[in-house]
Structure formats: C-alpha cells, structure tokens
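Here is a brief report on one protein model. Keep the sequence and the coordinates open while you read.

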Amino acid sequence: MDLKSEKIQRVLSKYKFHDVAIEELEKINRVYPGMVASTGTYTFTDSTQKDLLKLIGNLPVKYEGRSYNFPIQLWLLDSFPFTPPICLLRPTPNMVIREGKHVDARGRLFLPGLHNWDYPKSSVAGLLNEMTAKFEEEPPLSTRAAGDKDPHDLLAFVSNLQINDGVIRHHDQPAKVSVIGGGDLGMASVMSILSKCKVDKLVFIDVAGCSTKGGSTDLDIFSLPKVEVSRDLSASAGSKVVVVTANAWSSEQSYVSVVQTNVDLYRGIIPNLARLSPNAIMLIASQPVDIMTHVAWRQSGLPPTRVIGAGCNLDSERLSHALDINLNTHKPAWIIGEFSDNKIAVMSNTGLSSSTQPQIVSGSGSTKPLLDRGFEIIKNQGQRSWSVGLSIADITNSVLTDKMKPHSVSTLAQGWGGIGAEVFLSLPCIMGAKGSTRLAGLSLGQEEDSKLRDSVTSLSNLMSQLRM
C-alpha cells in the first residue's frame with residue numbers, strides 16, 4: 001500500500017489522528033496487501049462533501065465450494081481509526097446487489113463490527129474478516145446478464161403464486177410474531193395482533209428486569225389459541241416480526257439516567273433477538289421511542305430498513321381519519337418528526353384509493369388550514385395502551401401481508417430532507433415484508449423546518465450522553 005503520493009499525504013495531513021491512522025493503514029497492508037489506498041471526495045447524505053482516504057480492493061470469499069472476489073470500497077473518515085469506515089460494495093456493470101441482512105439496495109454494508117466499533121479493540125483487518133464470514137453465509141452480489149432470468153428460478157417463482165382479487169400474491173407463509181415485554185402495552189399488542197393479523201403463533205415474553213410486567217399469568221390461565229407464553233427469549237426464534245414493548249424505568253432523578261436504564265435493558269435482549277430472528281422486522285414501542293429505536297438499530301446490527309419504531313403512526317392514522325370524515329379530504333396525512341411537541345403534519349398528493357405511490361405535500365397554501373384543523377381535532381385523544389396496541393397491530397399486518405402501505409414510523413432520518421445527523425424520526429415509509437422504504441423528502445416551511453432541526457439537535461444530544 002503506497003502512502004507516499006502527494007495526494008494521499010495531503011489528505012492524510014488533515015486527519016485528526018494522523019500518526020495513529022498511518023499505523024492502522026500499515027497493519028491493514030500486512031494482512032490485506034491487495035487493498036489499494038487512494039483519495040476521493042465523499043458526498044454525505046446532507047450533500048456536504050469532504051476529501052477522504054479510501055481503500056479499494058477485492059475480498060476473496062468461498063461459497064458452496066467456489067471462490068469469488070467481491071469488490072469493496074472503504075471510506076475512512078477524518079477521525080479514523082476512532083470512527084468506523086463507511087463500507088460499500090463496488091459492483092461491476094454485470095453484478096447485481098442482493099439486498100439482505102447486511103447490505104441495503106445501494107450496496108452500503110451494515111455489520112455488527114461497524115455498529116459496535118470501539119478502537120483499539122476494533123480494526124479494519126478484523127472488520128474485513130467479519131465481512132468475509134458474513135459474505136460466505138449470504139453473498140451480497142450475484143452475476144446476471146441484463147434481462148436474463150434462471151429458468152429454474154422462474155419456475156419456482158411461478159409455482160409459488162396465486163391469483164386473488166385480480167392481484168398476484170405469494171402463497172401465505174407461516175407467520176410467527178413475538179411480543180417482548182409485559183404490562184398493559186404488551187397485552188394490548190398481543191390482543192390487537194391476534195385480532196388484526198393472520199398468525200400461526202404469537203409468542204409473549206415477559207422480560208426479567210422489565211418494569212412493565214403482568215399479563216403473562218392470565219394468558220397462561222386462559223390459554224388463548226396460537227399464543228405461547230414464555231420467559232425465555234429463545235422462544236422468539238424464527239419470528240417474522242418482533243415487537244418490543246419492554247421498559248425498565250428507574251427511580252433516577254435525571255432524564256438521561258432514566259433513559260439509560262432502558263438502554264441497559266436493551267443491551268441484554270436486542271442482540272439476542274436479532275440473532276434468533278435474523279430476518280425479522282423489529283418494531284420498537286419502548287419509550288422514548290425515537291431514541292430506543294435508534295438504540296435497537298445500533299445494538300441489533302440489522303439494516304435500518306428492518307428496525308422501526310411505532311413513532312407517530314397512531315397520530316397519523318387519527319389525522320387521516322379526522323380529515324377524511326370531518327373535512328372530506330380523502331387523502332392520507334401523516335405526523336412526522338420527533339415523538340414530542342415538535343410534531344409536523346403533512347399530506348399525500350394522492351387519494352386513499354390510489355394505486356400509485358404517494359408523495360408528501362407540505363402544509364402550505366391550501367393544505368395548511370386543513371392540516372391545522374385536523375390536528376386540532378385529534379390533539380387531545382391521548383396515547384392509551386390499547387390504542388397504541390392497535391397501531392402496532394396495523395404496522396405488523398402491513399409487514400406480514402406485504403401490504404406496501406405508508407405508515408409514519410420512526411426510522412433512520414439521515415439524508416432525508418437534508419438531515420445530516422444520524423437520528424431516528426417518524427417519517428412516512430412504505431411498509432412491506434422486507435421492511436420500510438422512506439418516501440422522498442420535501443422542502444418544509446420555515447416553522448416546520450425549524451421544529452425538525454430542533455428535534456435533530458435534541459435527539460443527537462441525548463444519544464451522545466447514552467452508553468450503548
């Protein structure tokens with residue numbers, strides 16, 4: 001690895017930990033001599049740019065007895081090695097990205113080693129070893145000629161289809177859902193999912209150390225069909241959806257200390273849940289929901305599309321209903337932003353029955369008076385356990401049936417509407433079997449944009465004070 005070129009030296013000179021970074025690069029070269037260092041301009045999701053060092057190379061992987069070289073690219077931030085690299089696949093024109101547990105549709109990699117990065121325990125060499133192991137389990141790229149499809153794959157696909165009401169659907173698959181955490185919300189979620197969703201098994205797990213206990217004994221006594229009551233997280237294995245309602249409120253005086261008790265509780269359950277159900281959608285309902293969804297994403301190692309929070313879905317459904325019934329709008333509306341007083345109302349540009357993907361329209365011009373009126377109608381309705389449980393069941397049903405319905409759920413907001421920070425906020429997302437897909441961002445009015453920025457700052461500050 002040649003680090004002596006003028007370009008590399010110029011970029012490296014701006015790194016905060018210059019000497020340590022060079023030491024780490026030399027270690028990488030000893031273990032992976034095929035990795036080539038170069039410079040480039042990286043564009044962040046908020047459109048800012050920075051000249052950075054990047055490593056490019058092919059990662060040799062064995063899969064089903066054959067050897068493959070997967071092209072990868074690692075961008076080293078200027079705080080390297082104390083912050084993890086941004087890892088991307090570098091597919092050639094004849095390669096197709098296979099979205100999965102550790103890679104999104106754009107080829108960005110999400111690995112436990114990245115989320116748990118802790119230098120000097122963590123290193124790029126160790127990260128590449130982990131990458132190799134994960135790729136051997138689930139290759140992230142495949143080769144396919146344009147327009148071609150393996151006839152065996154096509155036959156398998158066709159044999160698994162059925163026609164129902166003019167819509168092509170896959171045959172129903174066995175659906176297992178797990179609810180983690182007792183108490184009123186846990187019970188409300190169980191009852192609502194049983195009523196709303198077609199499930200083969202619903203596992204209800206009371207978690208040790210959780211302050212929201214209760215209900216499991218009654219479920220044992222009355223023995224509901226399809227419900228399994230357990231106190232062992234292993235009972236959740238193989239779930240399609242994992243709902244987490246657990247809270248561990250303490251008697252600490254500061255808000256940060258109270259939230260930290262929930263973070264500590266999650267540390268003991270979230271990684272295990274992700275390991276037991278690696279293909280599940282994780283739906284978070286613990287409070288504060290935006291923070292705890294962010295924590296769950298970091299601790300799980302799952303892609304951000306598969307870790308969501310209940311967020312503002314309940315308020316959004318109420319708003320759409322109020323606008324439709326009282327003001328005859330016939331268009332979906334959503335509450336977005338932080339689950340706090342800084343919520344913002346937006347509306348869809350398409351009707352409720354439209355088959356086209358909706359787009360967000362900000363509350364300006366003719367839509368603002370409608371949204372303000374609708375917001376006034378719902379503002380005092382409260383967040384009772386049973387109503388939140390119904391909202392959770394609605395999101396769960398969209399996942400189990402691959403409904404592709406828009407929900408305002410807490411999701412990674414980085415890159416949406418110019419947000420550069422890593423925060424979770426409620427945004428309209430299309431929910432289906434593979435998780436969430438955000439609707440495109442929009443330009444908000446000055447007041448709404450100010451609320452959103454305040455929320456980003458507030459959530460970022462709180463996250464920085466928590467011990468993951």
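The sections below go from the whole chain to single residues.

## Model and overall make-up

This is a predicted model, in which local features need pLDDT of at least 70, side-chain atom pairs count only at pLDDT 80 or more, and totals for chains, interfaces and linings use all residues. Residues are numbered from 1 along each chain as its sequence is written, and side-chain values use heavy atoms, with hydrogens and water left out.

The protein chain has 13 helices and 20 strands. Both are DSSP runs, numbered from the N terminus: helices are H or I with at least four residues, strands are E with at least two. Of the 468 residues, 50% are buried. Buried means under 20% relative accessible area, exposed over 50%, and partly exposed in between (1.4 Å probe, protein chains only). Take the contacts between residues at least 6 apart in sequence: 64% join residues at least 24 apart. A contact means heavy atoms within 4.5 Å.

## Cysteines

How many disulfides does the rule give? The count is zero. The rule asks for a pair of cysteine sulfur atoms within 2.5 Å. Cys-87 counts as buried because its relative accessibility is 1%. Cys-429 is buried too, at 0%.

Thr-396 sits in helix H12 (residues 385–400). Its relative accessible area is 0%, so Thr-396 is buried. The Thr-396 side chain reaches the backbone oxygen of Ile-392 at 2.8 Å. That is a polar contact (N or O atoms within 3.5 Å; within protein, one must be able to donate a hydrogen and the other to accept it, and residues adjacent in sequence count only if both atoms are side-chain atoms). Beyond neighbours within four places in sequence, Thr-396 touches Val-177, Ile-193, Cys-197, Val-241, Val-243 and Leu-283.

Ser-300 belongs to helix H9 (residues 289–300). Ser-300 counts as buried because its relative accessibility is 9%. A polar atom of the Ser-300 side chain lies 3.1 Å from the backbone nitrogen of Leu-302. Leaving out residues up to four places away in sequence, Ser-300 is in contact with Ile-270, Ala-274, Met-282 and Val-307.

## Cavity

The whole structure holds one cavity of 30 Å³ or more. The largest cavity has a volume of about 60 Å³. A cavity is a set of points, on a 1 Å grid over the protein atoms alone, where a 1.4 Å probe fits but cannot get out; lining residues have an atom within 4 Å of a point. Points are joined across faces, edges and corners, and the volume is the space filled by probe spheres set on them.

Lining residues of the largest cavity include Arg-98, Lys-101, Phe-135 and Glu-138. The lining divides into four nonpolar, two polar and four charged residues. Ala, Val, Leu, Ile, Met, Phe, Trp, Tyr, Cys and Pro count as nonpolar, Asp, Glu, Lys and Arg as charged, and the others, Gly among them, as polar.

## Backbone in the loops

Most residues other than glycine have a negative phi, and most peptide bonds are trans. The Phe-80 to Pro-81 bond is cis, with omega near 5°. Pro-81 is in the loop between strand S3 (66–76) and strand S4 (86–89). Gln-287 and Pro-288 are also joined by a cis peptide bond, with omega about -5°.

Lys-226 has a positive phi, near 70°. Its place is the loop between helix H7 (216–222) and strand S11 (227–230). Met-404 has a positive phi of about 55°. Met-404 is partly exposed, because its relative accessible area is 46%.

Conventions: On a 1 Å grid over the protein atoms alone, a cavity is a set of points where a 1.4 Å probe fits but cannot get out, and a pocket is an open set with protein on both sides within 12 Å along at least five of seven lines; lining residues have an atom within 4 Å of a point.
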